[in-house]
Amino acid sequence: LLFDVTLKEGLVAIAGELVHDAVSGATPSGAPPPNQWYFPFGSIGDTNSSAVPLQHMEDERNSISLQLPVTLEINTLTPQFAYSQESDYKSTGAALNYSLALFEKNTILTFGWAHTWDQVLDGQPVRQWQDKSGDDFLIGCNQLLGPKTVLGLNLTYGMANGYLNDPYRLTFGVNDPQFFVSDPSGGPEQRPDSRNKAVVRASITQFITPVNASVEGAYRYYHDTYGLDAHTVELAWYQNIGKHVVLSPMFRYYYQSEANFYYEILPDTYATAPTHFSPDWRLSQMQTFTAGVNLAVKATKWLTFDASYKRYVMEGLDGVTSQTAYPSANVFTIGARILF
């Protein structure tokens, strides 16, 4: 449930959302395919299988977020608050954004700061709540280049500290499954307890008069202290069909390098193990493709219906990690927007 209410025209509004998520299904445990892994204490499924083992997961999450934008002439100050809770994760966040409209609102500068206070329920054998915190800083600019062209540029710098592991990812050694004595079936990953990131995103939107449509292209570069470098390219077309229908095909490509502590299987663990290690395929070298289309139909002045379909494909590129760890999906979405 999303809402946006004007409390005083041109001065104060309140917006927010209430969300309930319920999810269940299968997820990779972090173990490699059984046919690649020596395990003398028994096998996980078929020892000849080339597919990564899956484990069942289910959870529910409730969250709320609020923002209160206050506008005074060319200045807008927006405090924000968010809270979410699930069985193994609690998050409290606050943010403050400021925007300045210049040159008859042809230029809008944005400055923002956000802080999170999180708690994570760690892994076995005795689960305990661990602290995690983060800060993000944003500088952005939206520039009107002409009556039909808008350029956007955002710079973000973020820092995270504390418990940054995924408690459900188990790590395995190539020759010594007893390396983690407390649990011979695998041990928890060990990520660094801090992570800094930098993000640059540029976008341009152009209205095309002859076909009554607009096109938006964007590029995003990401770098962090895990050693990840990522590139994202997005392209979307917004086609007006009459006065009441908008058809929007889109395409997105994403590529990332490998984290410097990613291992599908740890090397010979009879020797000294690395300080940090993770089998999480989301830290491997990979690429993703997303293509889809959205249809928006304005039924009345106050009611709009949306329907969309997206095809998502993820592929590993390191030549080591099993392709069965990487998911693909068909995503169908329907929705409605009410204005009153």
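This is a predicted model: local features need pLDDT of at least 70, side-chain atom pairs count only at pLDDT 80 or more; totals for chains, interfaces and linings use all residues.
User: Leu68, buried or exposed or partly exposed?

Analyst: Partly exposed, because its relative accessibility is 33%.

User: Which residues does Leu68 touch, leaving out those up to four places away in sequence?

Analyst: Leu7, Val12, Ala13 and Ile14 are on the list, together with Leu77, Thr78 and Pro79.

User: And how far is Leu68 from Pro274?

Analyst: Their C-alpha atoms are separated by 47 Å. Along the chain, the two residues are 206 apart.

User: Zoom out. How many helices and strands does the protein chain have?

Analyst: It has 0 helices and 18 strands.

User: What box do the C-alpha atoms fill?

Analyst: Roughly 70 × 40 × 35 Å, taken along the principal axes.

User: What share of the residues is buried?

Analyst: Of the 340 residues in the protein chain, 32% count as buried. The chain exposes about 19700 Å². Carbon and sulfur atoms supply 61% of that area.

User: Now contacts between residues at least 6 apart in sequence. What percentage joins residues at least 24 apart?

Analyst: 55% of those contacts in the protein chain.

User: New topic, aromatics. How many aromatic pairs does a search of the whole structure find?

Analyst: The search finds 4. One of them is Tyr226 with Phe261, an edge-to-face pair. The centres are 4.8 Å apart, with 80° between the planes.

User: Where do Tyr226 and Phe261 lie?

Analyst: Both are in loops. Tyr226 lies between strand 13 (213-224) and strand 14 (229-241), and Phe261 between strand 15 and strand 16. The pair therefore ties together parts that are 35 residues apart in sequence.

User: Are those two buried or exposed?

Analyst: Tyr226 counts as buried, because its relative accessibility is 1%. Phe261 counts as buried too, at 3%.

User: What about Tyr253 and Phe289, what is their geometry?

Analyst: Their ring centres are 5.1 Å apart and the planes sit at 50°, so this pair is tilted. Tyr253 is in strand 15 and Phe289 in strand 16, so the pair links distant parts of the chain, 36 residues apart.

User: How exposed are Tyr253 and Phe289?

Analyst: Tyr253 is partly exposed, with a relative accessible area of 25%. Phe289 counts as partly exposed as well, at 28% relative accessibility.

User: Which charged residue lies over Trp129?

Analyst: Lys90 lies over the face of Trp129, at 4.5 Å from the ring centre.

User: And what sits over the ring of Trp281?

Analyst: The charged end of Arg282, 5.2 Å from the ring's centre.

User: Last one, the surface. Which residues form the nonpolar patch?

Analyst: Ile241, Leu247, Val293, Leu295, Val297 and Phe305. Together they have about 430 Å² of accessible area.

User: Which strand gives the most to the patch?

Analyst: Strand 16 (residues 286-298), with 3 residues.

User: Where is Leu247, and how exposed?

Analyst: Leu247 lies in strand 15 (residues 245-256). Leu247 counts as partly exposed, because its relative accessibility is 32%. A patch residue needs over 30%.

Notes
Residues are numbered from 1 along each chain as its sequence is written. Side-chain values use heavy atoms; hydrogens and water are left out. Patches are made of residues with over 30% relative accessible area and no salt bridge: like charges are joined within 9 Å, nonpolar side chains (Val, Leu, Ile, Met, Phe, Trp, Tyr) within 5 Å. Accessible areas come from the Shrake-Rupley method with a 1.4 Å probe; for residues, only the protein chains shown count as cover. A salt bridge is a side-chain nitrogen of Lys or Arg within 4 Å of a carboxyl oxygen of Asp or Glu. Helices (H or I, at least four residues) and strands (E, at least two) are DSSP runs, numbered from the N terminus. Buried means under 20% relative accessible area, exposed over 50%, partly exposed in between (1.4 Å probe, protein chains only). Rings of Phe, Tyr and Trp (its six-membered ring) pair if their centres lie within 6.5 Å; planes under 30 degrees apart count as stacked, over 60 as edge-to-face and the rest as tilted. A charge sits over a ring if NZ of Lys or CZ of Arg is within 6 Å of the ring centre and within 35 degrees of the ring normal. Contact means heavy atoms within 4.5 Å.
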